[in-house]
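Please examine the sequence and the structure shown below. A report on the architecture and on the confidence of the model comes after them.

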Amino acid sequence: MENGENINIDNEPKKKGKKERKGKKQLKKQKREEEERKRKEELEKQKSNNEEELEDNKKNEEKEIEKDEKPNIKTNEEKENKSNECEDIDTSSHKINEENNNEYEISTKSETVDDKKEDEKENNNENDIIVDDEEKEEDDNTNISKIIKKLKRARRGAICQELTIREGECDYIVDKAYQILKNEDSMLKISAPLYICGDIHGQYYDLLRVFDILNYPPKSKFLFLGDYVDRGKQSLECLLLLLCLKIKYPSKIFLLRGNHESEALNKIYGFYDECKRRISVKCFKKITNLFNILPITALIDENILCMHGGLSEDLKKLEQLNKIARPTEIPDEGLLCDLVWSDPSDELSEPFGENERNVSVTFSKKVVEEFTEKNGLDLICRAHQVVEEGFQFFAGMKLITVFTAPNYMGEFDNNGGILEVGEDLLCKIHVLKPNIERKGKRKRITELVN
Ligand SMILES: [Mn+2]
């Protein structure tokens, strides 16, 4: 198909080739442009800087194509070099290694004025992933691949620009993802090796860093523990990239629900506003429907239990976790509420206590020890709390908190952490250092942030 041909320039981003194809495509292009103009007027959504953004996106394309290849090579080398410095250890052996991937840098390349002109001409066609009725019948994989490519192009040097995301694109992705997610169990069963990521919270630049360092699916397998949206500036990019990867590689990426995958919270913490400003309230509604179908927990090789928040007084055995019916909203109390909201606490004399978030509970070290023992688990892996190093152990090494957004909200100078669960359940930590060295006072991580 037309867009497919045009966008498939990975191997040869040559200007000459583009020119030759241009004649053939002129008519079709004009037609598209006209349709597009109408669409834009109707929707009244396009902002004045759209063209600029589109141009920027296009300008990055050739760079990105190179980057897509280079980082993998580089980081693999990096990994190998570093593996000498770190020794891998079993979770039960109560040691852990820290790998600092912060040295990773994005290479950029200068470009000529001619490139820009060329890009402008091609812009409309290549940046717009139009999913109309005709195209729906065509290969979904191609459409999703194109959208992934577009989403990856958001990055320019050290920043990520806001992409233009069409309602049609968003609907398409959310519908496709819904069909896949609704067939997953409430408690996923996943096998190692894989990487486990905690909160992302709209920090799209950092999400791209994670994939640059650890490789995109299907090369690597990922489990995300929820809280993709709210707080950060680019919740839509984060969510849509993850959903696209889910659609394309359903057995290589798994997405659990966090307490922020909730309509009520999104209205307070930014995602609703972002959807309303950038796409529509209708699209927000559609996304919250999808949130209601997300799986809640994951069990890795019968050994590591993962969820966003933590344990619950109502949780006695693992079998209960698969019985949680979906779609569902997150209730104000009870098992599901606790799974996405609760926190461990050092200060409890009782098994469970109040939570200063004013939702759910806190649970003690003893609760973790008894639950893991009784259910034959080595480790509970959860997210939900910003922790200075990006990861933090609790109850010896029976529970780990993983929080992946470094420099959380631009207010903390926490690291981001990713837990790697290797073959034979050997565990390793990867650390994302904050992007920005904050000069002023360091904000202490003493309170829970919803
Ligand atoms: Mn959370």
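The report below treats the chain as a whole, then its helices, and then its strands.

## Overall composition and confidence

The structure is a predicted model. The protein chain holds 15 helices and 18 strands. Of its 450 residues, 41% count as buried. Among contacts between residues at least 6 apart in sequence, 74% join residues at least 24 apart.

The mean pLDDT of the protein chain is 79, and 66% of its residues reach 70 or more. Among the elements, strand 8 (residues 253–255) has the highest mean pLDDT, at 99, whereas helix 1 (residues 2–7) has the lowest, at 31. Over residues 1–24 the pLDDT stays under 50, and the model has 19 contacts beyond four places in sequence for this stretch. The pLDDT also stays under 50 over residues 45–127, for which there are 103 contacts beyond four places in sequence. Where pLDDT is low, the predicted coordinates should not be read in detail.

The buried residues of helix 7 are Glu169, Cys170, Tyr172, Ile173, Ala177, Tyr178 and Leu181. What covers them includes helix 6 (140–152), helix 9 (235–248) and helix 12 (281–291).

## Packing of helix 6 and helix 9

Two of the helices that cover helix 7, helix 6 and helix 9, also pack against each other, at an angle of about 145° and with their axes 10 Å apart. Helix 6 passes helix 9 in a left-handed crossing. On the side of helix 6, the contact is made by Asn141, Ile144, Ser145, Ile147, Ile148 and Leu151. Helix 9 contributes Glu237, Leu240, Leu241, Cys244, Ile247 and Lys248.

An open sheet of three strands has the order 11-13-12, with mixed pairing. Strand 11 (343–344) and strand 12 (352–354) stand at the edges with a single partner strand each, and therefore one side of each is left without a neighbour in the sheet. Strand 12 runs antiparallel to strand 13 (residues 361–363), and three bridges join the two. Glutamate 354 stands opposite valine 361 in strand 13.

Is glutamate 350 buried or exposed? This residue lies in the loop between strand 11 and strand 12. Glutamate 350 counts as exposed because it has 11 C-beta neighbours inside 10 Å, and a residue with 12 or fewer is placed in that class. Its C-alpha atom is separated by 7.2 Å from that of serine 364, a residue 14 residues apart from it along the chain.

## Two hairpins

Strand 15 (residues 391–394) pairs with strand 16 (residues 399–402) in the antiparallel sense over four bridges. Phenylalanine 393 stands opposite isoleucine 400 in strand 16. The hairpin of these strands has four residues between them, and alanine 395 takes a positive phi near 55°.

Strand 17 (residues 416–421) and strand 18 (residues 426–432) are likewise antiparallel, with six bridges. Here leucine 419 has isoleucine 429 of strand 18 as its bridge partner. Four residues lie between the two strands of this hairpin, and in the turn aspartate 424 has a positive phi of about 55°.

Conventions
Residues are numbered from 1 along each chain as its sequence is written. This is a predicted model: local features need pLDDT of at least 70, side-chain atom pairs count only at pLDDT 80 or more; totals for chains, interfaces and linings use all residues. Two strands pair if DSSP finds at least two bridges between them. A residue is buried if 20 or more other C-beta atoms lie within 10 Å of its own, exposed if 12 or fewer, and partly exposed in between; C-beta atoms are placed from the backbone. Two residues are in contact if their C-beta atoms, placed from the backbone, lie within 7 Å. pLDDT is the predictor's confidence in each residue, from 0 to 100. Axes are lines fitted to C-alpha atoms, for helices over the stretch in contact, and angles run from 0 to 180 degrees between N-to-C directions. A crossing is left-handed if the near helix is turned anticlockwise from the far one by less than a right angle, and right-handed if clockwise.
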